[in-house]
Amino acid sequence: MSNEILTPHEMAEADRLAIAAGPFSGIQLMCNAGAAVAAEVLRRWPAAIRAHVLCGPGNNGGDGYVVARLLADVGVRVTVWAEGRPKAGSDAAQAAAECPIEAQPISGFHPEGGDIVVDALYGAGLSKPLSPSAVAAIVKCRKAKIPVVAVDLPSGISGETGHPVGDEAFRAALTVTFVRKKPGHLLLPGREACGEILVADIGIGAEIIAAVGPKCFENGPVLWQSRYPMPAADTHKYRRGHVGVFSGGPSSTGAARLAAFAAARAGVGAVTVLSPGNTLATNAAHLTSIMLRRVDDIDAARAFISDRKPSALVLGPGFGVGEPLRELALVVLETAGAEVSLVLDADGITSFHDAPASLFIAAGAKGAAGLVLTPHEGEFGRLFPDIARDAALSKLEKARKAAARSHGVVIYKGPDTVIASPDGRAAINANGTPLLATAGSGDVLSGIVAALLAQGMPAFEAACAAVWMHAEAARRFGPGLIAEDLPLALCPVLRELLG
Ligand SMILES: NC(=O)C1=CN([C@@H]2O[C@H](COP(=O)(O)OP(=O)(O)OC[C@H]3O[C@@H](n4cnc5c(N)ncnc54)[C@H](OP(=O)(O)O)[C@@H]3O)[C@@H](O)[C@H]2O)[C@@H](O)CC1
Ligand SMILES: Nc1ncnc2c1ncn2[C@@H]1O[C@H](COP(=O)(O)OP(=O)(O)O)[C@@H](O)[C@H]1O
Ligand SMILES: [K+]
């Protein structure tokens, strides 16, 4: 399955290139699109007697006129309700002219139970909030509790951001989009407004998509499986990487152990919890295969790095916010070497609230250790306040800007986690589950990221793989999940990945 995501702008470019390259003209692509939607409506609602097709003035409406014609051809009672008329000479005008059903003004739209609604008002070209008549149509659909099939996108939702452009948007049972998904299909709340999403082939080939060169992907094994670390037959534990996790003080050691257990389960050869003297006994009481080392200060941390050569470090979970953490992070970035990676999570991010530039400069310096940041929304706002505040940016664009600025891979967490790399690549995760909204699950994620980095997986791929595996483990475990369950719940996911 193709996993590229096209922005509406890239989609328009693909459309232009495809028409120039042939064999399909604009109207033929529109007919292919309309035919895909009509086929899906008939497949899912074979007994539908009456369909209402809502048509806007642009090409989305053009698709709608094709759907109306094809449904009427097979005997469905179709009514077309139009808002605005297609521009003379446009593909949509041709589609409207070929549709045998006279369009009526949308203000008269009145669905009844048992009907089907096809929403072809606005798609990629949505440029302003929906009109009062379109909003009234949404309310009528909601009241009549009838299924809505959205053409390309539920009208009102931005394909770029996944946010409604005004206050209202359609909620579809099914969205049929074309060629590839757009960010608005995966980012919230767009994803929920789409219902089930089906991507229809309308004759724009992979070579056209390659020419457009999208750099955003839906996260899944296709994106990173070829870089997934497979243990070689002649490996030994240190060749499978060594992760160090910094523990917090007496009242907050659990977070580091969650990260450590997750790293161990995610295939790293050795894990060491780096513990202040006053928490050694607590940590020792809870660790068996995971090693423990006393680290009270920067010198002890340096000594661990030079003696034991860890390949990845986790800093932040339960550590405590403040200057000691900042100093430790900067020392790791500046002195551990480019072959070492630092996963900065939780307190590790919050500690740089007042001095983000120091972190970004250290991460961008030549020879610096690799940096992966794992902010949830609150932490993202602390490190990137201006980016977080910019309401015009999608979550995808925010993550991308943050990665470029910080010189690190950014995992912007949440129900629609976005992973972004400083090189411009990004991925949107779609296998998340609200079961992950439980204390400590983020600590587990940072351990998995570190484990994959430590085994030599490149940072963007490691971050994407970790996010997907973390969510997959939670989904498969199911209700009742707590963070402690997640490391073990990785096993069935790993079994499939490692074949
Ligand atoms: N690309 C492809 O490969 C293919 C694309 N296809 C289809 O094309 C669709 C994109 O078509 P599109 O660019 O014409 O945009 P579309 O969404 O119809 O809206 C533009 C019109 O609506 C108007 N308008 C906007 N918002 C409004 C509002 N709230 N209230 C009132 N008016 C509003 C806007 O006016 P303006 O902004 O200019 O003032 C303009 O007139 C895409 O989603 C897919 O379905 C398929 O045919 C297959 C091939
Ligand atoms: N509603 C949700 N749907 C999907 N994933 C979620 C949801 N809420 C939280 N998560 C995921 O759970 C994890 C929570 O991390 P975080 O907020 O750092 O928790 P903690 O600090 O308790 O470890 C993240 O990976 C996040 O993406
Ligand atoms: K639509």
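Biologist: Which helix gives the most to the shell around ligand 1?

Modeller: In this predicted model, 29 residues surround ligand 1, and the closest are Asp-15, Gly-58, Asn-59, Gly-123 and Gly-125. Helix 1 (8–21), helix 2 (26–44) and helix 3 (59–73) each supply at least two residues of that shell. The greatest share, five residues, comes from helix 3.

Biologist: How many residues of the shell around ligand 1 are charged?

Modeller: The shell divides by residue class, with 14 nonpolar and eleven polar residues. The remaining class is the charged one, and its count is four.

Biologist: How many residues of domain 2 are in contact with domain 1?

Modeller: The domain assignment places domain 1 at 4–214 and domain 2 at 221–497. Their centres, taken over C-alpha atoms, are 41 Å apart. On the side of domain 1 that touches domain 2, five residues are nonpolar, two polar and two charged. Nine residues of domain 1 take part in the contact, and from domain 2 the number is seven.

Biologist: Is helix 10 roughly parallel or roughly perpendicular to helix 21?

Modeller: Helix 10 (residues 254–265) packs against helix 21 (residues 485–497) with axes 8 Å apart and an angle of about 10°. Angles under 35 degrees count as roughly parallel. Helix 10 is therefore, relative to helix 21, roughly parallel.

Biologist: Which residues of helix 10 meet helix 21?

Modeller: The contact of these two helices comprises seven nonpolar residues, no polar residues and one charged residue. Helix 21 contributes Leu-486, Pro-487, Leu-488, Leu-490 and Cys-491. Facing them from helix 10 are Phe-261, Ala-262 and Arg-265.

Definitions and conventions. Residues numbered from 1 in each chain as written. Chains lettered and ligands numbered in written order. Predicted model: local features only at pLDDT ≥ 70, side-chain atom pairs only at ≥ 80, totals over all residues. Domains from an automatic or database assignment. Contact = placed C-beta atoms within 7 Å. Nonpolar A, V, L, I, M, F, W, Y, C, P; charged D, E, K, R; others polar. Near = placed C-beta within 6 Å. Helix = DSSP H or I, 4+ residues; strand = E, 2+ residues; numbered from the N terminus. Axes fitted to C-alpha atoms, helices over the stretch in contact; angles between N-to-C directions. Parallel < 35°, antiparallel > 145°, perpendicular 65-115°, else oblique.
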